[in-house]
Amino acid sequence: QVQLVESGGGLVQAGGSLRLSCAASGRTFSNYAMGWFRQTPGEEREFVAKIGRNAGVTSHASSVKGRFTISRDNAKSTVYLQMNSLKPEDTAVYYCAANTDYYAKTYALWGQGTQVTVAS
């Protein structure tokens, strides 16, 4: 299996930017499609973005489209989430996840999460 460790979260003012990173170790990173999700207390985990094994395809939730961008560097076994124009409603714990199937609805492998807090 692949192990996932997120970083880059923190406190930012509304309108600011953050870049999250998710470093993978273990199995070959390029075998996995990667996704970002987020969750607030009492809510279901929400899809944010996903990217194919070789970055040929991406998908972003409508709530973040045009503000967030997912990317990956297979040489560094890392997936990124660039978050611009942040809003208070983007406050959540952000998780990265891995799956061998880009089109899968569920993900088997998850990181521990990183907190993003956007102050108004």
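**Figure 1. Asp90 and Arg38 form a salt bridge in this predicted model.** The closest N and O atoms of Asp90 and Arg38 are 2.9 Å apart; a salt bridge is a side-chain nitrogen of Lys or Arg within 4 Å of a carboxyl oxygen of Asp or Glu. Asp90 lies in the loop between strand S8 (78–83) and strand S9 (92–99) and Arg38 in strand S4 (residues 33–39), so the pair ties together parts that are 52 residues apart in sequence. Strands (E, at least two residues) and helices (H or I, at least four) are DSSP runs, numbered from the N terminus. Asp90 counts as buried at 1% relative accessibility, and Arg38 is buried too, at 6%. The classes are buried under 20% relative accessible area, exposed over 50% and partly exposed in between, with a 1.4 Å probe and protein chains only. Residues are numbered from 1 along each chain as its sequence is written, and side-chain values use heavy atoms, with hydrogens and water left out. Because the model is predicted, local features need pLDDT of at least 70 and side-chain atom pairs count only at pLDDT 80 or more, while totals for chains, interfaces and linings use all residues.

Figure 2. Arg67 has a relative accessible area of 11% and is buried. Salt bridges that share partners join Arg67, Asp90, Arg38 and Glu46 into one network. Glu46 is partly exposed, at 33% relative accessibility. A search of the whole structure finds three salt bridges. Side chains of opposite charge can pair when their charged atoms come close.

**Figure 3. Strand S11 (residues 114–119) has a covered face and an uncovered one.** The covered face consists of Thr114, Val116 and Val118. Gln115, Thr117 and Ala119 make up the uncovered face. S11 pairs with strand S2 (residues 10–13) in the parallel sense over four bridges; two strands pair if DSSP finds at least two bridges between them. Leu11 has Thr117 of S11 as its bridge partner. S9 and S11 run antiparallel and are joined by three bridges, and Val93 has Gln115 of S11 as its bridge partner.

**Figure 4. The largest nonpolar core has 29 residues.** A nonpolar core is a set of buried Ala, Val, Leu, Ile, Met, Phe, Trp, Tyr and Cys residues joined through side-chain atoms within 4.5 Å. The residues with the most contacts inside this core are Leu4, Met34, Trp36, Leu81, Met83 and Tyr94. Elements that give two or more residues to it are strand S1 (2–7), strand S3 (18–26), S4, strand S5 (46–51), S7, S8, S9 and S11. Not counting residues up to four places away in sequence, Leu81 touches Leu18, Arg19, Leu20, Trp36, Val48, Ala49, Phe68, Thr69, Ile70 and Tyr94; contact means heavy atoms within 4.5 Å. In soluble globular proteins, nonpolar side chains tend to be buried together.

**Figure 5. Cys96 lies in strand S9.** Cys96 counts as buried, at 0% relative accessibility. Leaving aside neighbours within four places in sequence, Cys96 is in contact with Leu4, Glu6, Cys22, Gly35, Trp36, Leu109, Trp110 and Gly111. Phe47 is 49 residues from Cys96 along the chain, and the C-alpha atoms of the two are separated by 10 Å.

**Figure 6. The protein chain contains zero helices and 11 strands.** Of its 120 residues, 44% count as buried. The C-alpha atoms fill a box of roughly 40 × 25 × 25 Å, taken along the principal axes. Among contacts between residues at least 6 apart in sequence, 56% join residues at least 24 apart.
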